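Subject: Structure handover

Hello,

Here is the structure for your files. My notes on what was found in it follow below.

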Amino acid sequence: MLIAGFPAGAWGTNCYLVAPAAGEECVIIDPGHQATEGVEEALKKHRLKPVAVVLTHGHIDHVASVVPVCGAHDVPAWIHPADRYMMSDPEKALGRSIGMPLMGELTVGEPDDVKELADGAQLRLAGLDFSVAHAPGHTKGSVTFQMPEADDIPSVFFSGDLLFAGSIGRTDLPGGDHAEMLESLARVCLPLDDSTVVLSGHGPQTTIGRERAANPYLRAASSGGHPQTPEAARPGAEPAPRRGM
């Protein structure tokens, strides 16, 4: 299996291209702000042909390049229906303006073909299997994508902004909810095997085992945590860093 990833744009959002091997069809995950050039470079380098774009959620740092990427390759975009509106109205999703200079670099709107994701869906794209889990907390329509273990390759989990190395996505924007985030962490992440590789929306690669042991938010979810952040219960502790929008 081939996974080519790179951080893109002002928020350093990770975009991934996933294929069975070089020279084959691929799926593009989260082509965000200023990701178009990186996507085209990766496609050329690995001789890949896109068949779909799939989105972990609708924030502009994850979807800003969806229209040009889908248009250039005539492929559909998959997104959860609760976040679909964000592609056409990114500022409403943030509860504030993201700035006219930045807006001038964005192609706001939907691609020609939009398909909606559902919890528990099984997608077969580019010869690869993706299990979809609805994971609200960061946004109402956040989802994750898991690929099964194959031969000697561990399962791969594209967590979006649900789970980062050492932290989680922010919950203070419209549609965010810390209680929902902890519930999603418990329901979606905790059952995964420790060897599962986590490829997040921001930051470095990690594993479920590493996060189970050291991530304060995942530990709070494991112990039946409540809406306040786990750091608040530990006097003098510094909150883990949050990334992205």
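**A buried loop residue, and some notes on method**

L173 is buried, at a relative accessible area of 9%. Here buried means under 20% relative accessible area, exposed means over 50%, and partly exposed is what falls in between, with a 1.4 Å probe and protein chains only. The areas were computed by the Shrake-Rupley method with that 1.4 Å probe, and for residues only the protein chains shown count as cover.

This is a predicted model, in which local features need pLDDT of at least 70 and side-chain atom pairs count only at pLDDT 80 or more, while totals for chains, interfaces and linings use all residues. Residues are numbered from 1 along each chain as its sequence is written, and side-chain values use heavy atoms, with hydrogens and water left out.

L173 sits in the loop between β12 (167-168) and α6. Helices (H or I, at least four residues) and strands (E, at least two) are DSSP runs, numbered from the N terminus. T139 is 34 residues away from L173 along the chain, and the C-alpha atoms of the two are separated by 8.0 Å.

I3 belongs to strand β1 (residues 2-8). I3 is partly exposed, with a relative accessible area of 29%. From I3 to C26 the sequence separation is 23 residues, and the C-alpha to C-alpha distance is 9.3 Å.

**Helix faces**

In helix α1 (residues 36-46), the buried residues are G38, V39, A42, L43 and H46. Viewed down the axis of α1, these buried residues fall within an arc of 135°, so they line one face of the helix. The arc is taken over the directions from the helix axis to the C-beta atoms. E37, K44 and K45 are exposed on the other side of α1.

Helix α3 (residues 66-73) has V66, V69 and C70 as its buried residues. Down the axis of α3, the buried residues fall within an arc of 95°, so they too line one face of the helix. G71 and A72 are exposed on the other side of α3. As background, an α-helix has 3.6 residues a turn, so residues three or four places apart point the same way.

**Positive phi**

D74 has a positive phi of about 50° and lies in the loop between α3 and β5 (77-79). D74 is exposed, with a relative accessible area of 72%. A126 has a positive phi of about 55° and is found in the loop between β7 (122-125) and β8 (128-134). A126 counts as buried, at 10% relative accessibility.

**Charges**

The structure holds eight salt bridges, each defined as a side-chain nitrogen of Lys or Arg within 4 Å of a carboxyl oxygen of Asp or Glu. Among them are these:

- D113 with K115, the closest N and O atoms being 3.8 Å apart. D113 is partly exposed, with a relative accessible area of 32%, and K115 is partly exposed, also with a value of 32%.
- R170 with D172, at 2.7 Å from N to O. R170 counts as partly exposed at 23% relative accessibility, whereas D172 is exposed at 57%.
- R212 with D194, the closest N and O atoms being 2.7 Å apart. R212 lies in helix α7 (residues 208-214) and D194 in the loop between α6 and β13, so the pair ties together parts that are 18 residues apart in sequence. R212 is partly exposed at 27% relative accessibility, and D194 is partly exposed at 41%.

A patch of negative charge on the surface gathers E149, D151, D152 and D193. Patches are made of residues with over 30% relative accessible area and no salt bridge, with like charges joined within 9 Å and nonpolar side chains (Val, Leu, Ile, Met, Phe, Trp, Tyr) within 5 Å. Lys and Arg count as positive and Asp and Glu as negative, while His and the chain ends are not counted. The place of a charge is taken as NZ of Lys, CZ of Arg, CG of Asp or CD of Glu. D193, one of the patch residues, lies in the loop between α6 (178-189) and β13 (197-200).

Regards
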